[in-house]
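The sequence and the structure come first, then the notes.

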Amino acid sequence: MNTLDLFASATEPAANLLPFDGIVNDYGLLYSAVEADQLLQLLLTQISWRHDEAVIYGKRIVTARQVAWYGDAAFDYRYSGTTRTALPWTDALLAIKARVEAAIAPISPTRFNSCLLNLYRDGTEGMAWHSDDEAELGPETVIASLSLGATRKFALRHRRSGEKRELLLQHGQLIVMRGATQTHWQHALMKSTRVHAPRVNLTFRTFRSLSSSS
C-alpha cells in the first residue's frame, strides 16, 4: 500500500496518482484557509442537509452522514436503493462550481451540471468502499471532489489487484477522478476516532438523464 503525504508539497496536477487503470489528479488547495472557513460555515448552515438512506441486504437503513443533491434540473439520482431529486443551485454552489471548472480546465475541461454533497460530523462517520459508476454518470466520467473542514484519509483500492493508494485531504483541497477510475477502482473515506471536527465533501458531476437518451 502506498500512502501519499500531501502535506509535504503540492502535487503537479498533471501527475496521475494512480499506477494504472484510471486517473486521479490533485490540484492542491483551491481556497485559502480564510476562504475555506467561510465556505464551510456557509454550507453547514445553508445547505438542505438530510440523512442518507440505503438498502443493504434488503434492509433500509438511515446513515449517520447527511447528504444533499443539487443540479441544473430536477435530476433523479438513484443509488444504494434510494432516489434523490436534485434541488436548484444556490448562489454559493454555483460560485464554487465555476471555480472548480476553471481550475481543472487546462487538463480536463468539463462543465458540471450537478453536485452531491456529504456532511460528516466527525471521524466516526465515513464512507464504505464503492465506485461512482451509476449509468447516469456515463462511461469514463469526470468527478471533481472538493474537501472542506477536517483533514480526512481518502483511500482508493483497485478492484482486481487490491492495490491501494491513500491521500490525506485537507481543508480546501481539490482532486479529480476521471478516465476509467470508476470502472477499475473503488474509493472510501476512512473513519478515525481522532477526528472531532466536521467535513463537507462536494463532488461535482455530469449527470445524464437516461429517460431522455433512450
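Strand 11 and strand 12 form a hairpin with five residues between them, and G162 in the turn has a positive phi of about 80°. Helices (H or I, at least four residues) and strands (E, at least two) are DSSP runs, numbered from the N terminus. Two strands pair if DSSP finds at least two bridges between them.

This is a predicted model, in which local features need pLDDT of at least 70 and side-chain atom pairs count only at pLDDT 80 or more, while totals for chains, interfaces and linings use all residues. Residues are numbered from 1 along each chain as its sequence is written, and side-chain values use heavy atoms, with hydrogens and water left out.

**Strand 11 and its two partners**

- Strand 11 covers residues 152-158 and strand 12 covers residues 164-169; the two pair in the antiparallel sense over six bridges.
- Within this pairing, R152 has L169 of strand 12 as its bridge partner, and F154 stands opposite L167.
- Strand 11 is also joined to strand 14 (residues 185-189), by five bridges and again in an antiparallel run.
- On that side, F154 stands opposite L189 in strand 14.
- Five of the seven residues of strand 11 are buried, so the strand is largely enclosed by the rest of the structure. Buried means under 20% relative accessible area, exposed means over 50%, and partly exposed lies in between (1.4 Å probe, protein chains only).

**The hairpin of strands 5 and 6**

- Strand 5 (residues 76-79) and strand 6 run antiparallel and are joined by four bridges.
- Two residues lie between the strands of this hairpin, and S80 in the turn has a positive phi of about 50°.
- R78 stands opposite T83 in strand 6.
- Strand 6 (residues 82-85) has T82 and R84 on its covered face, and T83 and T85 on its uncovered face.

- H184 is found in helix 3, which consists of residues 181-184.
- With a relative accessible area of 28%, H184 is partly exposed.
- Leaving aside residues up to four places away in sequence, H184 touches D21, R157, H158 and R159. A contact here means heavy atoms within 4.5 Å.
- H184 and S131 are 53 residues apart in sequence, and their C-alpha atoms are 8.6 Å apart in space.
- D21 is found in the loop between strand 1 (2-4) and strand 2 (23-29).
- D21 is partly exposed as well, at a relative accessible area of 29%.
- The phi of D21 is near 60°, a positive value in a residue other than glycine.

**E140**

- E140 is found in the loop between strand 9 (127-130) and strand 10 (143-149).
- Although E140 is not a glycine, it has a positive phi of about 50°.
- E140 is exposed, with a relative accessible area of 57%.

**V62**

- V62 lies in strand 4, which covers residues 59-71.
- V62 counts as exposed, at 58% relative accessibility.
- V62 touches H51, D52 and E53, not counting residues up to four places away in sequence.
- For V62 and D52, the separation is ten residues in sequence and 5.8 Å in space, C-alpha to C-alpha.

**The chain as a whole**

- The chain has four helices and 15 strands.
- Its radius of gyration is 16 Å, close to the 17 Å that the globule rule gives for 214 residues, so the chain is as compact as a globular protein of that length. The radius is taken over C-alpha atoms, and the rule is 2.2 Å times the number of residues to the power 0.38.
- The C-alpha trace spans about 45 × 40 × 35 Å along its principal axes.
- Of the 214 residues, 50% count as buried.
- Among contacts with a separation of 6 or more, 74% are between residues 24 or more positions apart.
- The accessible surface comes to about 10,200 Å², and 53% of this belongs to carbon and sulfur atoms. Accessible areas come from the Shrake-Rupley method with a 1.4 Å probe, and for residues only the protein chains shown count as cover.
- The chain has 23 positive and 21 negative charges, whose mean positions are 6 Å apart. Lys and Arg count as positive and Asp and Glu as negative, while His and the chain ends are not counted; each charge is placed at NZ of Lys, CZ of Arg, CG of Asp or CD of Glu.
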